[in-house]
Amino acid sequence: MTIVLRDITKVYQMGDNIVNALAGVSLDVAAGEFTAIMGPSGSGKSTLMNILGCLDRPTSGSYSLDGEGVAKLSDDALAVIRNRKIGFVFQSFNLLPRMSALQNVALPMVYAGADRHSRLEKAAHALALVGLSDRQHHKPNELSGGQRQRVAIARSLVNDPAIIMADEPTGNLDTKSGNEIMEIFRDLNNQGRTVVLITHEPDIAACAKRVVHMRDGKITRDERN
Amino acid sequence: MFWESVLIALDGLKANKLRAFLTMLGIIIGVGAVIAMVSIGMGVRQKVETSIAGLGSNLIIVMPGATTPSGVRLAAGSSTTLTNADARAIGREIAGVSAVAPSVQRSYQLVYGNQNWTTNILGTTPEYLDVRNFAVAAGTCFTNQDIDTRARVAVIGKTVADNLFGDVSPLGQTMRINKAPFRVIGVLEAKGQSSMGQDQDDIVIVPLTTAQERLLGVTWLQNINVQADNPEVIDKVQEDITVLLRARHRLQSGVPDNFTVRNLAAVMATAQETTGTITLLLGNIAAISLVVGGIGIMNIMLVSVTERTREIGIRKALGATFNNILLQFLIEAIVIGVTGGFIGIGLGLAGSYAISYFAGWNTVVSPLSIIIAFVFSVMIGLFFGLYPARKAALLDPIEALRYE
Ligand SMILES: Nc1ncnc2c1ncn2[C@@H]1O[C@H](COP(=O)(O)OP(=O)(O)OP(=O)(O)O)[C@@H](O)[C@H]1O
Ligand SMILES: [Mg+2]
């Protein structure tokens, strides 16, 4: 089991208001699985994803990633895990605007401590995997939305992580670009990588082998296609 | 990782060149001002020191008349308490004295051909040249035999030679001092202006006895210039002279001295203290602008951190640790400090050169002030960059990513 979540809760305090964004989530994801998480807006999908991606810590519950308990790790330890084990793809791409596509893709390797030469080599390779070899020196604002998301996927791949996580990766894209992106995720999964993604669209979820439904911070249904 | 952070920081600065430069400006002006101001202070100090040293090394001057505690000499110079015998006694009886040169002086008109010139005629012994750092450029000085015979010979300064003799070689010429004929036997090497702006070459030196008896008609002295063997014995020699002269003048204890013994080392120390204070004052005023520059760095860094919250969030999401982010922003601040420091050093050097060139002030750029100003600017970058950098490094990745 790559991901083991047990009774994860996440509570936000907004003044007197207490928001139970996650109200006891238990979930196992095996290595090589392709899981989609669906649910209405505000059901806690992003909250769950941020915890899965080690960007955030649960209020309570345990999370073991590759057999290592990560719920209580320090900020810096989580940063290292994000860098080595997880590739994160955001809905809004989150590329650095001043850097070229190649430099953006190479960025995680800067924090992995790789030397410049191997960084650029691997970044170029990752860009080739998403079909953007001819756009290496373009800035994000010189690329289409679909191309930007492919750059972001290349960036999530560059450190060769076991798990790729994506929070509505096609949310800002038209159907055609969205399908291309899903094609890439499917390829990645076929190569053996674990993929977890959030989506609103049933079409997209249909690409996954497993669909987890959420509502009000809880898992309501867990079905395999 | 360190060099990566340097490159990332440089990149961040390049993205906003004008802002980086304006931020630097505070440091540039601060460092430049420190270096230029300290160079003015050091210039004053050097000028005072060389002119005091130019008077003669290890010099003690004995003058007639008392000194009040406030340093005002009462009736000094007009007093007649110092004699040739006193001068001889100092040379004979006090240990650690290498030369004694008693002197008198008064202003007279010189005449040569149809030229005339009014200047100070100084009567003294040949030792005077050594004691007061004069050297003969052409001809010779008079001898002790000339003193015994009250010879009418004179050694003249450069200014006198130029004004009285013009193109004629003064050596061997006869000029008149107060109508009496004197033969010029030597010309002094030029010494330039003293610290008080006096022309030290506007002088005629004649044998002591000649001046006393043939010109002034007196038996007393106006000055006894004493040279000590070395700086260590100066204070001792000064004390011994006081004791000796009090005994020779038969002063009861409780009666104040009727002479004054001045030690140039003490004068020098006072002058150094004063110029040191001036330097410190100028440097401090300039240092304030350096601190103001530092606050400018902090201000801009805080703006920059806020502006780049999302970038920080992305970097953290991709695995940047606390130290990675801290270093990135700290180095940005230090680079501003260092670059500003370097440009400021250039500005300071140019400034102190311009001051000496256009205002004619003596300026001395001390390497120490450069090093201190530079280290200071790095420290300011570090100090004022630390808070914004820490703020950036402590950002929560999720919140930073959500920042619009
Ligand atoms: N930082 C926060 N502070 C307070 N409440 C929060 C915070 N983040 C999320 N929430 C709340 O937690 C709940 C779940 O939010 P989450 O972003 O996980 O929803 P989501 O399922 O991703 O919705 P969407 O499909 O619209 O993206 C929401 O009610 C939201 O208001
Ligand atoms: Mg969401």
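Mentor: Before we start, helices here are DSSP runs of H or I with at least four residues, strands are DSSP runs of E with at least two, and both are numbered from the N terminus. This is a predicted model, where local features need pLDDT of at least 70 and side-chain atom pairs pLDDT 80 or more, while totals for chains, interfaces and linings use all residues. Residues are numbered from 1 along each chain as its sequence is written, chains are lettered from A and ligands numbered from 1 in the order written, and side-chain values use heavy atoms, without hydrogens or water.

Trainee: What about polar contacts, say from A:Lys45?

Mentor: A polar side-chain atom of A:Lys45 is 2.7 Å from an oxygen atom of ligand 1. For both A:Ser41 and A:Thr47, a side-chain N or O atom sits 2.5 Å from a ligand oxygen. A polar contact is a pair of N or O atoms within 3.5 Å; within protein, one must be able to donate a hydrogen and the other to accept it, and sequence neighbours count only if both atoms are side-chain atoms.

Trainee: How much of ligand 1 does the protein bury?

Mentor: 70% of the 630 Å² that the ligand exposes when taken alone. Those areas come from the Shrake-Rupley method with a 1.4 Å probe; for residues, only the protein chains shown count as cover.

Trainee: Switching topic: what is the strand order in the open sheet of chain A?

Mentor: The four strands run 2-1-4-5, with antiparallel pairing. Strands 2 and 5 (68-69) are at the edges with a single partner strand each, so one side of each lacks a neighbour in the sheet. Pairing requires at least two DSSP bridges between two strands.

Trainee: How many bridges join strand 1 to strand 2 in chain A?

Mentor: 10. In one of them, A:Met14 has A:Asn17 of strand 2 as its bridge partner.

Trainee: Last one: is B:Pro367 buried or exposed?

Mentor: Its relative accessibility is 58%, so B:Pro367 counts as exposed. Buried is under 20% relative accessible area, exposed over 50%, and partly exposed in between (1.4 Å probe, protein chains only). B:Pro367 belongs to helix 12 (residues 367-393) of chain B.
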